[in-house]
Amino acid sequence: MMHELSICQALLIRVAEIAAVNGAAAVERVTIEIGALAGVDPALLTAAFAVMRAGSCAATAALRIESTGVRIECLACGTESPAAPNRLICTQCGGYRTRVVAGEDLRLRDVELRLAGLPELAQLPPVPEPSGLLRRRARASGPGATA
Ligand SMILES: [Zn+2]
């Protein structure tokens, strides 16, 4: 079962909420960030979006996906550094006891709306902070990942 389908569904629900709050006529573009450790296949998510957007306020919206790299914090020396998804090792001391600080999440970064243009919508409420949307736990790092 593709979990990209459920992720896409949650994404579309969130986008619809933002569009509704802002009184938008339609959604022009949706931009999301996918961390390298989020376990989400951008191609599958794009395919799911192309099908599932039908009939929603995002029916003609483009989906833009930006990949974000992994950053880790070393539990031994405290250094924060970039890391390869399959090699979560401190670049400073070589320690493998690290904590992932970026790269596990899928975030809705931006939603571009086409507004209805009604005068009473001139003062728009702010878009709710989308950070942490669809946050999910990726695989745990540890000694097993260092081989
Ligand atoms: Zn270190």
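## Exercises on a predicted model: helix packing and burial

α1 and α2 are oblique to each other. The exercises below work on a predicted model.

**Exercise 1. Derive the description of how α1 and α2 are oriented to each other.**

Step 1. Two packed helices are described by the angle between their axes and the distance between the axes.

Step 2. For α1 and α2, the axes come within 9 Å and cross at roughly 55°.

Step 3. As to handedness, α1 passes α2 in a right-handed crossing.

Step 4. On the α1 side, the contact is made by Glu4, Leu5, Ile7, Cys8, Gln9 and Leu12. On the α2 side, Leu44, Leu45, Ala48, Phe49 and Met52 take part.

**Exercise 2. Check the end-to-end distance of α1 against its 19 residues.**

Step 1. The expected span is 1.5 Å times one less than the number of residues. For the 19 residues of α1 this should give 27 Å.

Step 2. Just after α1, Gly23 takes a positive phi of about 60°.

**Exercise 3. Find which residues of α1 are buried, and what covers them.**

Step 1. The buried residues of α1 (3-21) are Glu4, Ile7, Cys8, Leu11, Leu12, Val15, Ile18 and Ala19.

Step 2. Around the axis they cover an arc of only 135°, so they are on the same side of α1.

Step 3. Exposed residues on the other side of α1 are Ser6, Gln9, Ile13 and Ala20.

Step 4. The cover over the buried residues of α1 includes β1 (24-35), α2 and β6 (106-115).

**Exercise 4. Repeat the analysis for α2, residues 42-52.**

Step 1. Leu45, Ala48 and Phe49 are buried in α2.

Step 2. The arc they cover around the axis is only 100°, which puts them on the same side of α2.

Step 3. Ala43, Ala50 and Val51 are exposed on the other side of α2.

Step 4. The packing partners of the buried residues of α2 are α1 and β2 (62-68).

**Exercise 5. Classify Leu45, Ala47, Ala61 and Cys77 as buried, partly exposed or exposed.**

Step 1. The cut-offs are 20 or more other C-beta atoms within 10 Å for buried and 12 or fewer for exposed, with partly exposed in between.

Step 2. Leu45, in helix α2, has 22 other C-beta atoms within 10 Å and is therefore buried. Beyond four places in sequence, Leu45 touches Glu4, Ile7, Cys8, Val40 and Ile65. Leu45 and Leu5 are 40 residues apart in sequence, with a C-alpha to C-alpha distance of 7.1 Å.

Step 3. Ala47 is also found in helix α2. With 15 other C-beta atoms within 10 Å, Ala47 is partly exposed. The C-alpha atoms of Ala47 and Leu5 are separated by 9.2 Å, the two residues being 42 residues apart along the chain.

Step 4. Ala61 lies in the loop between α2 and β2. Its count is 22 other C-beta atoms within 10 Å, so Ala61 is buried. Not counting residues up to four places away in sequence, Ala61 touches Val27, Glu28, Arg29, Val30 and Arg53. Phe49 is 12 residues from Ala61 in sequence and 9.4 Å from it in space, C-alpha to C-alpha.

Step 5. Cys77 is in the loop between β3 (70-74) and β4 (80-83). Cys77 has 11 other C-beta atoms within 10 Å and is therefore exposed. Beyond four places in sequence, Cys77 touches Cys90, Gln92, Cys93 and Gly95. Cys77 and Arg97 are 9.8 Å apart, C-alpha to C-alpha, at a sequence separation of 20 residues.

Technical notes. Residues numbered from 1 in each chain as written. Predicted model: local features only at pLDDT ≥ 70, side-chain atom pairs only at ≥ 80, totals over all residues. Helix = DSSP H or I, 4+ residues; strand = E, 2+ residues; numbered from the N terminus. Arc of directions from axis to C-beta. Contact = placed C-beta atoms within 7 Å. Axes fitted to C-alpha atoms, helices over the stretch in contact; angles between N-to-C directions. Parallel < 35°, antiparallel > 145°, perpendicular 65-115°, else oblique. Left-handed = near helix turned anticlockwise from the far one by under 90°.
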